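Keep the structure in view as you read.

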Amino acid sequence: MAALSEKEAEAYLDARPRYPIDWYKKIAARTLDHKFAWDVGTGNGQAAIGLVEHYENVVATDINEAQLKRAIKHSRISYHHTPTTISEDEMVALVGGENSVDLIVAAQAVHFFDLTTFYNVAKRVLRKEGGLIAVWVYNDIIISPEIDPIMKRLVDSTLPFRTPIMNLAFDGYKTLPFPFETIGMGSEGKPITLDIPHKLSLKGFIGFLRSWQPAMKAKEKGVELINEDLIAKFEDAWGDEAQVKDVFYKAHMVVGKIPEVKFESDQVLSEDSNKGLLLETEVGRKHERRQPSDEGDRQSKKQNTSEGDKQSKKQNSSEDEA
């Protein structure tokens with residue numbers, strides 16, 4: 001994510017929605033413990049302040065110092081600047097160590113990360129039993145029938161300036177790699193869709209657009225998408241510039257856990273056990289086939305007795321004749 005200037009960070013803070021408290025409540029109810037949470041890419045601490053209501057301690061990290069300066073302060077939230085040069089081991093130590101985190105949250109942020117590095121760290125620090133990771137993004141804003149078409153044209157105009165990671169957000173995380181096991185709240189390729197209600201003034205809305213990553217990327221290439229002509233169109237569509245409007249950000253979420261690992265030795269053992277069972281069954285069947293029935297026993301004994309009587313009578317007859 002590009003670093004924001006002081007002015008842009010302030011505008012971003014005003015426009016960024018507060019995530020519904022119900023989200024944290026539902027996710028926290030699914031973690032086994034509530035001792036430690038990590039808000040990655042915390043920005044101004046919007047998610048961190050929601051997490052601290054359900055977890056004893058929250059560590060919040062970001063690469064953007066301007067955002068962190070405006071982060072919401074709390075005695076049980078520790079904010080840390082994490083430059084891109086930080087190593088995996090350093091990040092693991094900073095967060096709390098191996099197998100230490102009950103919940104990892106990346107709100108409107110994971111598409112900016114080096115996913116390989118982030119997922120490696122996440123799998124190391126996340127509790128193997130009862131730990132969860134939740135990522136979400138909002139990629140659209142619904143304001144009014146007058147404003148929405150203008151916004152749609154602006155979104156379309158960003159296409160030449162989008163990076164692959166930006167497209168992860170525009171796709172609503174449908175193409176986001178997510179190597180974690182689903183718990184029923186979205187899965188890789190199938191995030192759940194949610195609404196985030198918010199209130200926004202015209203000034204806040206324009207400020208948000210100017211701090212919007214696609215617009216900033218275009219500006220880096222010499223193209224000013226948020227120009228005076230566009231602002232005038234939004235002003236006309238907005239109406240009373242002093243009016244604060246109810247808006248809805250369209251959000252997409254995926255929650256998962258560390259996949260259960262099945263060791264190859266367990267599989268071999270299971271297969272060997274099955275083979276042993278089959279072998280034992282076959283031997284038993286052969287053994288059963290070799291065992292005579294009770295009726296067979298009686299017939300055999302009767303036959304042997306009869307033969308014995310005949311031999312005895314024959315022998316006695318011979319003796320009499322002699």
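Predicted model: local features only at pLDDT ≥ 70, side-chain atom pairs only at ≥ 80, totals over all residues.

Q: Which residues in helix 10 are buried?
A: Helix 10 covers residues 213-220. Buried means under 20% relative accessible area. The residues that count as buried are Gln 213, Pro 214, Ala 215, Met 216 and Ala 218.

Q: How many helices and strands does the protein chain have?
A: The chain has 322 residues, and 42% of them count as buried. Its secondary structure comes to 13 helices and eight strands.

Q: Why is strand 1 largely enclosed by the rest of the structure?
A: Strand 1 spans residues 36-40. Phe 36, Trp 38 and Val 40 point one way, while Ala 37 and Asp 39 point the other way. Both sets are buried. Strand 1 is largely enclosed because the number of its residues that are buried is five of the five.

Q: Which residue of strand 2 stands opposite Ala 37?
A: Strand 2 covers residues 57-62 and runs parallel to strand 1. Five bridges join the two strands. Opposite Ala 37 stands Val 58.

Q: How are helix 7 and helix 11 oriented to each other?
A: Helix 7 covers residues 148-157 and helix 11 covers residues 228-238. Their axes are 10 Å apart, and the angle is about 155 degrees. Angles over 145 count as roughly antiparallel. That makes helix 7, relative to helix 11, roughly antiparallel.

Q: Which residues of helix 11 meet helix 7?
A: Helix 7 brings Ile 150, Met 151 and Leu 154 to the contact. By class, the contact has six nonpolar, no polar and one charged residues. The partners in helix 11 are Leu 230, Lys 233, Phe 234 and Ala 237.

Q: Which hand does the crossing of helix 5 and helix 6 have?
A: In helix 5, the residues that meet helix 6 include Met 91 and Val 92. Their partners in helix 6 include Asn 120 and Val 121. Helix 5 passes helix 6 in a crossing that is right-handed.

Q: How far apart in space are Asp 140 and Lys 250, C-alpha to C-alpha?
A: Asp 140 lies in strand 5. Leaving aside neighbours within four places in sequence, it is in contact with Phe 248, Tyr 249 and Lys 250. Asp 140 and Lys 250 are 110 residues apart in sequence, yet their distance in space is 5.3 Å.

Q: Is Gln 108 buried or exposed?
A: Gln 108 is found in the loop between strand 4 and helix 6. Its phi is positive, about 55 degrees, although it is not a glycine. Buried means under 20% relative accessible area. At 13% relative accessibility, Gln 108 counts as buried.

Methods:
Residues numbered from 1 in each chain as written. Heavy atoms only, no water. Axes fitted to C-alpha atoms, helices over the stretch in contact; angles between N-to-C directions. Helix = DSSP H or I, 4+ residues; strand = E, 2+ residues; numbered from the N terminus. Parallel < 35°, antiparallel > 145°, perpendicular 65-115°, else oblique. Contact = heavy atoms within 4.5 Å. Nonpolar A, V, L, I, M, F, W, Y, C, P; charged D, E, K, R; others polar. Buried < 20%, exposed > 50% of the residue type's maximum accessible area, 1.4 Å probe, protein only. Pairing = 2+ DSSP bridges. Left-handed = near helix turned anticlockwise from the far one by under 90°.
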